[in-house]
Amino acid sequence: MVSKNQIKLISSLHQKKQRFASQLFFAEGVKVIQELLQSNFELEHLYTTLNDFETVHVSKRTLINEQELKKISALSTPNSCLAVFKIPVPKKTIDSGLILALDDIRDPGNLGTILRLCDWFGIKQIICSKETVDIYNPKVVQATMGSITRVNVSYVDLKLFLAQTKLPVFGTFMDGENIYQSKLPQDGVIIMGNEANGISEEIEKIVTSRLTIPRFGELQKTESLNVATATAIILSEFKRNS
């Protein structure tokens with residue numbers, strides 16, 4: 001059974017300020033929870049409607065019914081389980097290899113998908129501007145499908161980080177060099193911009209190489225690609241050329 005205090009706590013974790021005040025976040029679904037349990041994330045408590053997760057000690061596992069799960073779930077159609085985890089101490093920022101930098105990405109689904117893409121393409125570090133959506137937002141955690149455990153995500157002063165890095169800085173623009181004709185290095189920082197406005201003006205000034213994904217459509221009327229879709233293409237080309 002879920003107590004009123006537990007419901008209140010989990011409900012509060014929808015808000016960024018409450019997540020950081022308590023240093024807790026929650027995840028839903030067997031796949032995501034299993035990935036987190038097998039990582040260095042520390043479980044606070046697991047709530048499940050099934051007699052599963054037998055490796056979790058009974059003191060940290062509560063069997064609940066579907067109605068109770070609906071009260072604590074962030075999903076319109078709740079899965080069979082929800083788990084609260086402690087937010088880990090941030091890892092040291094890596095300033096080497098191929099890094100993805102996100103300039104004010106606001107959509108949780110986009111960030112979660114981008115994290116999965118980085119996991120797929122072997123990108124170990126994502127640098128986020130402080131305006132980018134929180135990685136522990138429930139929708140982001142859900143969209144990562146467990147990749148949150150394998151990619152280091154840091155929130156920094158993006159302008160300062162880019163000004164200090166010794167790596168080449170790549171930006172995606174409509175008027176950049178055709179990425180399919182570019183010689184791409186193994187190391188560098190790739191910046192992806194805001195869904196509506198692209199890369200901000202102050203960050204654009206730091207870019208050393210401008211890239212574009214050319215349009216092949218006959219009418220050339222599509223204004224832009226979804227940022228996660230564009231990220232997939234960009235990362236694929238960098239890895240293909242490495």
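User: How do strand 8 and strand 10 pair, parallel or antiparallel?
Analyst: Strand 8 and strand 10 run parallel, joined over five bridges. Strands here are DSSP runs of E, at least two residues long, and helices are runs of H or I, at least four residues long, numbered from the N terminus. Two strands pair if DSSP finds at least two bridges between them.

User: Before we go on, what kind of model is this?
Analyst: This is a predicted model, where local features need pLDDT of at least 70, side-chain atom pairs count only at pLDDT 80 or more, and totals for chains, interfaces and linings use all residues. Residues are numbered from 1 along each chain as its sequence is written, and side-chain values use heavy atoms, with hydrogens and water left out.

User: Back to that pair. Which residue does Asn 178 stand opposite?
Analyst: Thr 212, in strand 10.

User: What sheet do they belong to, and in what order are the strands?
Analyst: An open sheet of six strands, ordered 7-6-5-9-8-10, with parallel pairing. Strand 7 (152-156) and strand 10 are the edges, and each pairs on one side only. Neighbouring strands are turned by 35° against each other on average, direction ignored.

User: Which strands does helix 5 touch?
Analyst: Helix 5 packs on this sheet and touches strand 5, strand 6 (125-129) and strand 7. The direction of helix 5 makes about 175° with that of strand 5. Axes are lines fitted to C-alpha atoms, for helices over the stretch in contact, and angles run from 0 to 180 degrees between N-to-C directions.

User: And which strands does helix 9 lie across?
Analyst: Strand 5, strand 8, strand 9 and strand 10. Helix 9 runs at about 160° to strand 9.

User: Tell me about helix 9 itself. How many residues has it?
Analyst: Helix 9 has 15 residues, 227-241. From first C-alpha to last it reaches 21 Å, close to the 21 Å expected at 1.5 Å a residue. That expected span is 1.5 Å times one less than the number of residues.

User: Which of its residues are buried?
Analyst: In helix 9, Val 227, Ala 228, Ala 230, Thr 231, Ile 234, Leu 235, Glu 237 and Phe 238 are buried. Buried means under 20% relative accessible area, exposed over 50%, and partly exposed in between (1.4 Å probe, protein chains only).

User: What do they pack against?
Analyst: The buried residues of helix 9 pack against several elements, including helix 5 (108-121) and strand 8 (169-178). Contact means heavy atoms within 4.5 Å.

User: What happens at the start of helix 9?
Analyst: A side-chain oxygen of Asn 226 comes within 2.8 Å of the backbone nitrogen of Ala 228. A polar contact is a pair of N or O atoms within 3.5 Å; within protein, one must be able to donate a hydrogen and the other to accept it, and residues adjacent in sequence count only if both atoms are side-chain atoms.

User: Now Ser 129. Why does it count as buried?
Analyst: Because its relative accessibility is 2%. Ser 129 is found in strand 6. Beyond neighbours within four places in sequence, Ser 129 is in contact with residues including Asp 103, Tyr 155 and Val 156.

User: How do strand 6 and strand 7 pair?
Analyst: In the parallel sense, over five bridges. Ile 126 has Val 153 in strand 7 as its bridge partner. Four of the five residues of strand 7 are buried.

User: Switching topic: where does Arg 19 lie?
Analyst: In helix 2 (residues 16-22). Arg 19 is buried, with a relative accessible area of 2%. Its side chain reaches the backbone oxygen of Tyr 136 at 3.3 Å. Arg 19 and Asn 137 are 118 residues apart in sequence, but 8.7 Å apart in space, C-alpha to C-alpha.

User: What about the sheet of four strands, what's its order?
Analyst: That open sheet goes 1-4-2-3, with mixed pairing. Its edges are strand 1 (24-28) and strand 3 (61-63). Strand 1 and strand 4 (residues 81-86) run antiparallel over five bridges. Ala 27 stands opposite Ala 83 in strand 4.

User: Last one: how many helices and strands overall?
Analyst: The protein chain has nine helices and 10 strands. Of its 242 residues, 48% are buried.
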